[in-house]
Structure formats: C-alpha cells, structure tokens
Amino acid sequence: MATKRLKKEERRQQLLEVARAIVRDEGTEMLTLGYLAEKAGVTKPITYDHFGDRKGLLITLYESFNEQQIANFQHALKCATTSLEQAVRLYSTAYVNCVISTGTEITQIIAALSGSEALMNSLDKGRKACADSLIEALQPYINLQSPLGESVIATQLGAADAISALASRGTISAEDAIRILTGTMLGSLKAYQEI
C-alpha cells in the first residue's frame with residue numbers, strides 16, 4: 001500500500017478528514033485507528049503516532065470542531081456592529097453556520113465520548129471560548145461580567161447548541177435557525193438588562 005509522503009501536519013489533517021467521513025457515513029462505532037489507517041491508505045502505526053488511541057482521535061476531532069468554531073467567531077467579530085441586535089445576529093450566524101458545516105458527526109463524537117473526563121475538559125474549554133467570544137461581541141452593548149451574566153451566557157450557549165443542532169439535521173433551515181436564535185438571545189439579553 002503505497003501512499004504519498006505528507007508532512008506530519010498534512011497527514012494529520014488528511015487523517016482527520018477521513019475520520020470525519022467515517023463518522024458521517026458509517027458512525028462512530030466504525031471509527032477505530034485500524035479502520036482509519038485502512039481507509040486513509042496508511043499503516044496502523046501512523047494513526048497511533050498521531051492520536052495515541054481511539055479516545056485521542058475522538059478528542060482531536062472534537063477539538064478541531066472547536067477550533068473551527070472559534071475561527072468563525074473571530075472572523076464574525078471583525079465586522080463592526082452598531083447595535084446589540086446586529087452583534088447578536090452576527091454571533092448567531094457564525095454559530096449556526098459552524099455547526100452546519102461540521103455536520104451531524106459532532107453529535108456522534110460527543111456521544112461516543114460521553115462520560116469521558118477528557119471530553120468534559122474539552123467541552124469546558126470549548127464553552128469558555130464560545131462564552132468569551134459572545135462576551136466580546138456584546139461588550140459594547142451589555143455588561144455580562146458578573147455571576148448573573150455567566151448564567152445568561154450559559155443560557156445563550158445552550159440555546160445556540162439546541163437550535164444549531166436542528167439546523168444541522170435539516171429539521172429547520174439555516175435562515176430559520178439564525179432568526180430563531182437571534183430572537184431567543186435578544187429576548188433573554190433584554191430581560192437581563194432590565195434586572
């Protein structure tokens with residue numbers, strides 16, 4: 001089995017793309033390092049060198065989702081906003097589009113890692129990055145730097161996850177998801193401003 005020699009990072013990205021395709025097309029139960037090696041046309045030691053074990057591969061897949069999400073937020077935050085509504089809509093758009101572009105495999109990956117301490121650490125890291133991005137986007141219009149503000153942020157992220165998942169599965173359109181998420185977030189943020 002001859003494969004093109006890639007640089008380490010290129011090979012890692014290739015393996016992650018193949019792994020995402022396996023999860024998307026066949027489910028996480030089929031995702032083993034041996035099967036990944038076979039599908040990618042490499043030897044098993046190469047997959048073990050990159051990920052260590054199956055859990056390491058799943059965590060890496062989840063973390064690549066987080067990295068993509070944060071990059072989307074940073075790109076969206078470069079756009080100047082003039083109102084709370086505009087900032088919330090930009091954030092909602094970035095969140096929904098990221099989840100849709102990742103596909104349904106992220107939900108399967110999280111389920112496969114359920115109960116894992118490594119997953120909990122990655123989830124916490126991802127939530128913090130999402131929360132920090134939201135706080136940054138809304139900072140000109142609302143102060144969320146308080147314990148109550150943290151609760152408001154947690155509520156926003158929960159809504160973003162649930163609504164984006166519906167769009168990712170095709171239950172609702174991306175446009176409807178963005179509209180619903182924007183409205184949901186604005187409603188709870190305005191209620192928070194009145195407290």
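This briefing walks through the predicted model shown above, from the whole chain down to a single residue. The chain is built from nine helices and zero strands, where helices (H or I, at least four residues) and strands (E, at least two) are DSSP runs numbered from the N terminus. Residues are numbered from 1 along each chain as its sequence is written. Because this is a predicted model, local features need pLDDT of at least 70 and side-chain atom pairs count only at pLDDT 80 or more, while totals for chains, interfaces and linings use all residues; side-chain values use heavy atoms, with hydrogens and water left out.

**The chain as a whole**

- Reading along the sequence gives the pattern α-α-α-α-α-α-α-α-α.
- The C-alpha trace spans about 65 × 30 × 30 Å along its principal axes.
- Of the 195 residues, 43% count as buried, meaning under 20% relative accessible area with a 1.4 Å probe and protein chains only.
- Among contacts (heavy atoms within 4.5 Å) with a separation of 6 or more, 69% are accounted for by residues 24 or more positions apart.

**Surface and charge**

- The chain has 20 positive and 22 negative charges, and their mean positions are 5 Å apart.
- For this count, Lys and Arg are positive and Asp and Glu negative, with His and the chain ends not counted; each charge is placed at NZ of Lys, CZ of Arg, CG of Asp or CD of Glu.

**Helix 7 against helix 8**

- The axes of helix 7 (residues 117-138) and helix 8 (residues 147-168) come within 10 Å and cross at roughly 110°, using lines fitted to C-alpha atoms over the stretch in contact and angles from 0 to 180 degrees between N-to-C directions.
- The two helices are therefore roughly perpendicular to each other, a label given to angles of 65 to 115 degrees.
- Helix 7 makes this contact with Arg127, Cys130, Ala131, Leu134 and Ile135, and helix 8 with Ile153, Gln156 and Leu157.

**Helix 2 and its cover**

- Leu33, Tyr35, Leu36, Ala37 and Ala40 are buried in helix 2 (residues 33-40).
- Their cover includes helix 1 (8-26), helix 3 (44-51) and helix 4 (54-77).
- Gly41 follows helix 2 and has a positive phi, near 75°.

**Asn66**

- Asn66 sits in helix 4 and counts as buried at 9% relative accessibility.
- Leaving aside residues up to four places away in sequence, Asn66 touches Ser122 and Gly126.

Methods:
Buried means under 20% relative accessible area, exposed over 50%, partly exposed in between (1.4 Å probe, protein chains only). Angles under 35 degrees count as roughly parallel, over 145 as roughly antiparallel, 65 to 115 as roughly perpendicular and the rest as oblique.
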